[in-house]
Amino acid sequence: MSLEDLLQQAMRVHDLYDELNLQERGPVWTQEEFMLGFVGDVGDLAKLVMAEAGAREMPGGRTALEHELADCLWSVLILAHRYDIDLEAAFRRTMAELDTAISARLPKDDKPL
């Protein structure tokens with residue numbers, strides 16, 4: 001599945017949430033509210049990662065960890081969309097920058113891999 005496919009699926013769920021919010025509470029989430037929801041998901045993810053490492057007890061196990069990782073990915077996709085960011089281009093650019101910066105700090109080895 002491509003990033004574009006993931007974004008399309010994420011937008012469908014986003015639109016369903018907007019529809020549900022309009023029906024049940026009135027306004028849809030602002031970008032700030034959406035970000036706060038994402039922060040909550042990251043907090044849940046942190047607890048589940050700790051549980052996976054045996055550092056704490058959390059119900060749900062690996063299934064809950066998978067779910068929370070997917071929730072966080074969904075939030076990142078939606079935030080990128082809401083801020084009109086080409087996430088694929090930004091990811092490629094950032095990875096290239098990190099590759100260059102990290103490689104420059106590593107010792108040079110003339111031996112082929």
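This is a predicted model: local features need pLDDT of at least 70, side-chain atom pairs count only at pLDDT 80 or more; totals for chains, interfaces and linings use all residues.
Rings of Phe, Tyr and Trp (its six-membered ring) count as a pair if their centres lie within 6.5 Å; planes under 30 degrees apart make the pair stacked, planes over 60 make it edge-to-face, and the rest are tilted. One of the pairs joins Tyr17 and Trp74: the ring centres are 5.6 Å apart and the planes stand at 55°, so this pair is tilted. It links distant parts of the chain, since Tyr17 belongs to helix 1 (residues 3-24) and Trp74 to helix 3, 57 residues apart. Tyr17 is partly exposed, with a relative accessible area of 45%, whereas Trp74 is buried, at 16%. Here buried means under 20% relative accessible area, exposed means over 50%, and partly exposed lies in between (1.4 Å probe, protein chains only).

Trp29 and Phe34 form another pair, with ring centres 6.2 Å apart and planes at 75°, so this pair is edge-to-face. Trp29 counts as partly exposed at 34% relative accessibility, while Phe34 is buried, with a relative accessible area of 4%. Tyr17, Trp29, Phe34 and Trp74 together form one aromatic cluster.

The cluster may now be placed within the fold. The protein has 4 helices and 0 strands, and from the N terminus on its elements run α-α-α-α. Helices (H or I, at least four residues) and strands (E, at least two) are DSSP runs, numbered from the N terminus. Residues are numbered from 1 along each chain as its sequence is written.

Two packed helices are described by the angle between their axes and the distance between the axes. For helix 2 (residues 31-52) and helix 3, the axes come within 9 Å and cross at roughly 155°. Such axes are lines fitted to C-alpha atoms, for helices over the stretch in contact, and the angles run from 0 to 180 degrees between N-to-C directions. Helix 2 and helix 3 are therefore roughly antiparallel to each other; angles under 35 degrees count as roughly parallel, over 145 as roughly antiparallel, 65 to 115 as roughly perpendicular and the rest as oblique. The contact of helix 2 with helix 3 has 15 nonpolar, 2 polar and 7 charged residues. In this grouping, Ala, Val, Leu, Ile, Met, Phe, Trp, Tyr, Cys and Pro are nonpolar, Asp, Glu, Lys and Arg are charged, and the others, Gly among them, are polar.

Asp84 has a positive phi of about 55°, although it is not a glycine. Asp84 is exposed, with a relative accessible area of 73%. In helix 4 lies Ala90, which counts as buried at 15% relative accessibility. The C-alpha atoms of Ala90 and Ala64 are separated by 29 Å, and these residues are 26 apart along the chain.

The overall dimensions complete the description. Along its principal axes the C-alpha trace spans about 65 × 40 × 25 Å. Of the 113 residues of the protein, 19% count as buried.

Local features need pLDDT of at least 70, side-chain atom pairs count only at pLDDT 80 or more, and totals for chains, interfaces and linings use all residues; side-chain values use heavy atoms, with hydrogens and water left out.
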